[in-house]
Amino acid sequence: MPIHIPQSKPTLNKADIQNIPAIIQSLQLAQGKQVELFECKVAHFQRLKYGVATNSGTAALHLSLLALGIKKGDQVIIPSYVCTALLNAVNHAQATAIIADVNLEDCNISLTSVKRKITSKTKAIIVPHMFGQAADMSSLVKLKIPIIEDCAQAIGAKYKKKLVGSFGALCINSFYATKMLTTGEGGMVCSNNTNLIKTIRDLRAYDKNKNYKIRYNYKMTELQASIGISQIKKLPLFIKRRKTIANLYTKGLQNLNITLPTHTNDHDPIYYRYIVKVPKNKKKFITLLNKKGVQVTSPVDKPLHSYLKLSKYTNTDQLINESISLPIYPSLTNEEVAYVIKSIKQIL
Ligand SMILES: *Cc1c(COP(=O)(O)O)cnc(C)c1O
């Protein structure tokens, strides 16, 4: 059977394109009023003062590192169980990425591992809140090292009743096609820190400056921002629907030979992904479900420590061997969820 339930799908409708003709007619296509408004809307959602829109989450990470003064010779700690965007951002800043292991329970960066990796050269930690669940921010902030919270998978999630993004010096987002909200491609840095934001705004565009230094062209377009403005209005509904779907999975997949996601009362996850662990034969599980038309995938293809040929990342390795991401997106119907559950039961 061909895939009829994909892993992920953007949620777009007429409202998202309503303003596009007017923007095209206005001839103001590059960064302008729409971008400014989108920045306000995202910052407001995050309960932070400022937002700076970029053309990707990677660019947002890069500028965040530069704003923190990260340079050649500095070390930045990042987890192994994540996409290469983090490693790229650290390398763009010419710093050295130090890879930490993650927790088995929540797939987030491990406090114990981070502590072991800290040296006198450690200048920042990038903490992604993986798959929509916050990392243990209370302990991480106590390390007194500047933190960039990577909310690309977790905007709207809470930890101890506080929104992710409000714990670190800066937080970043991605609006890539499959993220919580989308502008096709896009990103943003949000923060309450006026000086950091000033630097990031300065570095985002190369034009209209008195002095020369290396700057970037990381700007978002008006067309993207106008889609984003419409998308963020719907974000609370997107999150609500994702939580409902996660509940359906959790109810429907009880007492099978797979581990379901759990969280403590400190957490309010938004289920960017619904990750189950299959102790044996993960590959076969994926192949059989794909044959039934359900696209399940490995949430991380290859961990960073493997790219860098490092060893002793036992938790990450175990997650690589066992974790599978089930389809979850706001437009997934209850019937489709039931079909996924039925298919999994048939396989196990
Ligand atoms: C998607 C993602 C990024 C990168 O965002 P892009 O917009 O694709 O550059 C960074 N970190 C995390 C955790 C992501 O999921």
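I take a polar contact as a pair of N or O atoms within 3.5 Å; within protein, one must be able to donate a hydrogen and the other to accept it, and residues adjacent in sequence count only if both atoms are side-chain atoms. The model is predicted, so I keep its limits in view: local features need pLDDT of at least 70, side-chain atom pairs count only at pLDDT 80 or more, and totals for chains, interfaces and linings use all residues. Residues are numbered from 1 along each chain as its sequence is written, and side-chain values use heavy atoms, without hydrogens and water.

I looked up Asp-150 first. An N or O atom of its side chain is 2.6 Å from a nitrogen atom of the ligand. Thr-58 places a polar side-chain atom 2.6 Å from a ligand oxygen. For Ser-174, the distance to a ligand oxygen is 2.7 Å. The protein buries 89% of the 380 Å² that the ligand exposes when taken alone (Shrake-Rupley areas, 1.4 Å probe).

**Sheet.** I then traced an open sheet of three strands, antiparallel, in the order S7-S6-S10. Strands S7 (162–163) and S10 (267–268) are at the edges with a single partner strand each, so one side of each lacks a neighbour in the sheet. Two bridges join S6 (residues 158–159) to S10; pairing needs at least two by DSSP. Tyr-159 faces His-267 of S10.

Notes
Helix = DSSP H or I, 4+ residues; strand = E, 2+ residues; numbered from the N terminus.
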